[in-house]
Amino acid sequence: GRQPPFTQFITGRNFEEQETMGILIKWLILTAAITAASYLIDGISVSGFFSAFCAAVVLGILNALFRPILFILTLPINIMTFGLFTFVINALLLKMASGVIPGFDIHGFWSAVFAALIISGVNWILNSFISDQRRIEVKKGEREEKEYIGKAEDYIDMEKQDDDKWE
């Protein structure tokens, strides 16, 4: 398989395992966002964790396949609305996902739009705790304290200092 240089050496895991863990974390975050939206909006119903997780998986696939195309096709109206039309695109994708997943129902267009708003917000908040390396970062004071997924000794943590040196 494809493997960037030194990934196995530095992390103790191969590249495919890291990517799989990252995708699973993203799906779990999206599952939590969908569940939060179902509690906050009357027009959305989720029958359980499995339905929310399947909706997250389908929504992730739809976002990967159709969202870029829809975004480019609606670019003029998106520019005129200062990006707010993106929530309409997200609502459309949510409605598509609800049509495929049993136990995940969205009743009405405005419920889908408000759900898109809530899901985007919760997703953004939860993803702010995840770094690009799929690590959970907790910021305390001036220095960051990091909790790692996996063993802490699997990572080399370096910071760039003021004098452009890495420590």
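Biologist: Among contacts between residues at least 6 apart in sequence, what share joins residues at least 24 apart?

Modeller: This is a predicted model, where local features need pLDDT of at least 70, side-chain atom pairs count only at pLDDT 80 or more, and totals for chains, interfaces and linings use all residues. Residues are numbered from 1 along each chain as its sequence is written, and side-chain values use heavy atoms, with hydrogens and water left out. Contact means heavy atoms within 4.5 Å. Of the protein chain's contacts between residues at least 6 apart, the share joining residues at least 24 apart is 49%.

Biologist: In what order do the elements run from the N terminus on?

Modeller: Helices (H or I, at least four residues) and strands (E, at least two) are DSSP runs, numbered from the N terminus. The protein chain has seven helices and four strands. From the N terminus on, their order is α-α-β-α-α-α-α-β-α-β-β.

Biologist: What percentage of the protein chain's residues is buried?

Modeller: Buried means under 20% relative accessible area, exposed over 50%, and partly exposed in between, with a 1.4 Å probe and protein chains only. The protein chain has 167 residues, and the buried percentage is 31%.

Biologist: How far apart are the end C-alpha atoms of helix 3?

Modeller: The buried residues of helix 3 are S51, A52, F53, C54, A55, A56, V57, V58, L59 and L62. The expected span of a helix is 1.5 Å times one less than its number of residues. Helix 3 (residues 49-65) has 17 residues, so it should span 24 Å, and its end C-alpha atoms agree, at 24 Å.

Biologist: Is T31 buried or exposed?

Modeller: T31 has its place in helix 2. Not counting residues up to four places away in sequence, T31 touches F49, A52, F53 and A56. Its relative accessibility is 2%, so T31 counts as buried.

Biologist: Against which elements do the buried residues of helix 6 pack?

Modeller: Helix 6 has 16 residues and should span 22 Å; its end C-alpha atoms are 24 Å apart, which agrees. Its buried residues are T86, I89, N90, A91, L93, L94, A97 and S98. They pack against helix 3, helix 4 (67-73), helix 5 (75-80), strand 2 and helix 7.

Biologist: Are helix 6 and helix 7 roughly parallel or roughly perpendicular?

Modeller: Axes are lines fitted to C-alpha atoms, for helices over the stretch in contact, and angles run from 0 to 180 degrees between N-to-C directions. The axes of helix 6 (residues 85-100) and helix 7 (residues 109-127) come within 8 Å and cross at roughly 110 degrees. Angles under 35 degrees count as roughly parallel, over 145 as roughly antiparallel, 65 to 115 as roughly perpendicular and the rest as oblique. That makes the pair roughly perpendicular.

Biologist: Which residues of helix 7 meet helix 6?

Modeller: Helix 6 brings F87, V88, N90, A91, L94 and K95 to this contact. Their partners in helix 7 are F109, A112, V113, A115, A116, L117, I119 and S120.

Biologist: What distance separates the C-alpha atoms of G43 and H107?

Modeller: G43 is found in the loop between helix 2 and strand 1 (44-46), and is buried, with a relative accessible area of 11%. Neighbours within four places aside, G43 is in contact with D105, I106, H107 and S111. G43 and H107 are 64 residues apart along the chain, yet their C-alpha atoms are separated by 4.9 Å.

Biologist: Is F82 buried or exposed?

Modeller: F82 lies in the loop between helix 5 and helix 6. Its phi is near 55 degrees, a positive value in a residue other than glycine. At 78% relative accessibility, F82 counts as exposed.
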